[in-house]
Amino acid sequence: RILIDTGDKETSPEYMKLLKSVLDEEKVTISHLLITHWHHDHIGGAKDIQRSLTSASNSVPTVWKLPRYSDDKVQEEYEVDLELLQDEQLLKVEGATLTVKHTPGHTTDHACFLLHEDNVLFSGDCILGEGTAVFEDLRDYLISLSKILNMTPSVIYPGHGPIVENPTDKIQYYIGHRMKREEEILKVLMTNMRKSFSPMDIVEIIYKETPRSLWPAAAINVGHHLEKLLKDGKVLKQGSDEWLYAIKGKI
């Protein structure tokens with residue numbers, strides 16, 4: 001069998017008890033551990049889970065993950081030997097065929113896994129059961145959402161929260177939510193073309209109805225939007241973190 005993600009190191013003993021009871025009941029073993037991305041709540045328990053599974057079956061399950069970048073240090077950080085996944089790689093076990101889908105944005109190494117037999121997607125933190133996801137690169141994230149939308153999965157099993165029974169509606173909401181924010185940011189900059197704004201300046205305008213305690217987090221998201229707009233050629237950056245609308249002919 002295949003296990004997707006291993007949880008956090010702190011919760012691995014309790015998690016392993018639950019996992020062992022399922023494996024005993026089903027009379028199966030796990031040969032592959034697939035990691036969606038490098039965050040500790042997804043890979044932190046890999047070493048302990050791998051060791052426990054090895055003791056139970058006398059067979060060492062392989063831990064797989066996409067690389068973050070060329071000199072990825074996750075293997076050293078979590079003290080686990082990793083085999084590197086590739087986009088569109090096929091993994092097969094009895095009764096299950098999974099395709100690796102590189103979906104960067106939340107992190108550079110993020111992977112979703114498409115189960116062919118049931119057209120089910122395991123989405124990690126790219127799509128959540130509740131709320132919206134955070135991301136490192138908004139441009140990549142929106143491309144990944146469009147990629148998943150084109151897969152037309154019947155159901156999504158997220159890394160957090162309840163099962164997503166209506167994937168198309170959920171993904172379209174995610175994309176629409178981000179594009180609405182982008183339009184709001186551009187409106188602020190276009191209305192004040194000769195003035196530069198920091199992310200927090202923009203937050204104070206478009207997040208007026210949001211509690212001030214959430215503004216720092218909102219400023220981070222606005223910063224991601226501005227970085228995307230910079231790549232799109234729609235804004236200019238001045239100094240360390242001041243932004244203004246890219247007037248046509250000024251780029």
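**View A. Strand E8 gives the most residues to the lining of the largest pocket, with three**. This is a predicted model, in which local features need pLDDT of at least 70 and side-chain atom pairs count only at pLDDT 80 or more, while totals for chains, interfaces and linings use all residues. Residues are numbered from 1 along each chain as its sequence is written, and side-chain values use heavy atoms, with hydrogens and water left out. The pocket (an open set of points on a 1 Å grid, where a 1.4 Å probe fits, with protein on both sides within 12 Å along at least five of seven lines) holds about 430 Å³ of space. Its lining (residues with an atom within 4 Å of a point) comprises 23 residues, of which Ile2, Ile4, Asp5, Phe122 and Tyr157 lie nearest the centre.

**View B. Four strands form an open sheet in the order E1-E2-E3-E4, with parallel pairing**. E1 and E4 (82–84) stand at the edges, each with a single partner strand, so one side of each has no neighbour in the sheet. Strands pair if DSSP finds at least two bridges between them; E2 (residues 32–34) and E3 (residues 62–65) pair over three bridges, and leucine 33 stands opposite valine 63 in E3.

**View C. The axes of helices H5 (residues 138–151) and H8 (residues 215–231) come within 8 Å and cross at roughly 85°**. H5 and H8 are therefore roughly perpendicular to each other, a term that covers angles of 65 to 115 degrees. The contact (heavy atoms within 4.5 Å) is made by Leu138, Arg139 and Leu142 of H5 and His224, His225, Lys228 and Lys231 of H8.

Technical notes
Axes fitted to C-alpha atoms, helices over the stretch in contact; angles between N-to-C directions. Helix = DSSP H or I, 4+ residues; strand = E, 2+ residues; numbered from the N terminus. Parallel < 35°, antiparallel > 145°, perpendicular 65-115°, else oblique. Points joined across faces, edges and corners; volume = space filled by probe spheres on them.
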